[in-house]
Amino acid sequence: GGEPETTNNRMELTAAIEALRALKESCEITLTSDSKYLVDGITKGWAESWKKRGWIKGDKTPALNPDLWGALLDELARHQVEFVWVKGHNGHDYNERCDALATAYADSL
């Protein structure tokens, strides 16, 4: 899927959420992404901290995309997920395939 008026960050979060929602039972998975926003938001504990502070960041400004971060945290509570960051457009087969699919879909909107 997609949204005609959105941001890369929202789509990166949405992709992770939908992938986890597609799992019918609790799983142990590796989620690979080229999104530092997504990977760092979880692995560095930013999303959990924002949630605890009412979706306010450490600098007292509102966290962006709290709806999606909240949904992602809900999904992560069901699974054991290892997040792995890969550099985009750097020859990682699955990342290149995902980029091609996402770009083709975006171009069709």
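**Exercise 1. Find what covers the buried residues of α4, and list those residues.**

Solution. The cover over the buried residues of α4 includes α1, α2, α3 and β2. Contact here means heavy atoms within 4.5 Å. Helices (H or I, at least four residues) and strands (E, at least two) are DSSP runs numbered from the N terminus. Of the 11 residues of α4, 8 are buried, which leaves the helix mostly covered. They are Leu68, Trp69, Gly70, Ala71, Leu72, Leu73, Glu75 and Leu76. Buried stands for under 20% relative accessible area, exposed for over 50%, and partly exposed for values in between (1.4 Å probe, protein chains only).

The model is predicted: local features need pLDDT of at least 70 and side-chain atom pairs count only at pLDDT 80 or more, while totals for chains, interfaces and linings use all residues. Residues are numbered from 1 along each chain as its sequence is written, and side-chain values use heavy atoms, with hydrogens and water left out.

**Exercise 2. Describe how α1 packs on α4.**

Solution. Start with the axes, which are lines fitted to C-alpha atoms, for helices over the stretch in contact; angles run from 0 to 180 degrees between N-to-C directions. The axes of α1 and α4 cross at roughly 25° and come within 9 Å. α1 is therefore roughly parallel to α4. The classes are roughly parallel for angles under 35 degrees, roughly antiparallel over 145, roughly perpendicular from 65 to 115, and oblique for the rest.

Next, the handedness: α1 passes α4 in a left-handed crossing. A crossing is left-handed if the near helix is turned anticlockwise from the far one by less than a right angle, and right-handed if clockwise.

Last, the residues. α1 contributes Arg10, Leu13, Thr14, Ala16, Ile17, Leu20 and Arg21, which meet Asp67, Leu68, Trp69, Ala71, Leu72, Glu75 and Leu76 of α4. Sorted by class, this contact has 9 nonpolar, 1 polar and 4 charged residues. In this sorting, Ala, Val, Leu, Ile, Met, Phe, Trp, Tyr, Cys and Pro count as nonpolar, Asp, Glu, Lys and Arg as charged, and the others, Gly among them, as polar.

**Exercise 3. Which residues of the largest nonpolar core touch the most other members?**

Solution. A nonpolar core is a set of buried Ala, Val, Leu, Ile, Met, Phe, Trp, Tyr and Cys residues joined through side-chain atoms within 4.5 Å. The largest one has 20 residues, and those touching the most other members are Leu13, Leu38, Ile42, Trp69, Leu72, Leu76 and Phe83. Two or more core residues come from each of α1 (8-21), α2, α3 (46-52) and α4. The largest share, 6 residues, is from α4. For Leu13, contacts beyond four places in sequence are Tyr37, Leu38, Asn65, Leu68, Trp69 and Leu72.

**Exercise 4. Are Asp40 and Asn95 buried or exposed, and what do they touch?**

Solution. Asp40, in helix α2, counts as buried at 10% relative accessibility. Leaving out residues up to four places away in sequence, Asp40 touches Gly45 and Trp46. Gly45 follows α2 and has a positive phi, near 80°.

Asn95, in helix α5, is also buried, at 11% relative accessibility. With the same exclusion, Asn95 touches Asp34, Val86, Lys87, Gly88 and His89. Asn95 and Asp34 are 61 residues apart in sequence, with a C-alpha to C-alpha distance of 7.4 Å.

**Exercise 5. Where do Trp55 and His89 lie, and what is the phi of each?**

Solution. Trp55 is in the loop between α3 and α4, and its phi is near 65°, a positive value in a residue other than glycine. His89 is in the loop between β2 (80-85) and α5 (93-108). The phi of His89 is near 55°, again positive in a residue other than glycine. His89 is exposed, at 58% relative accessible area.
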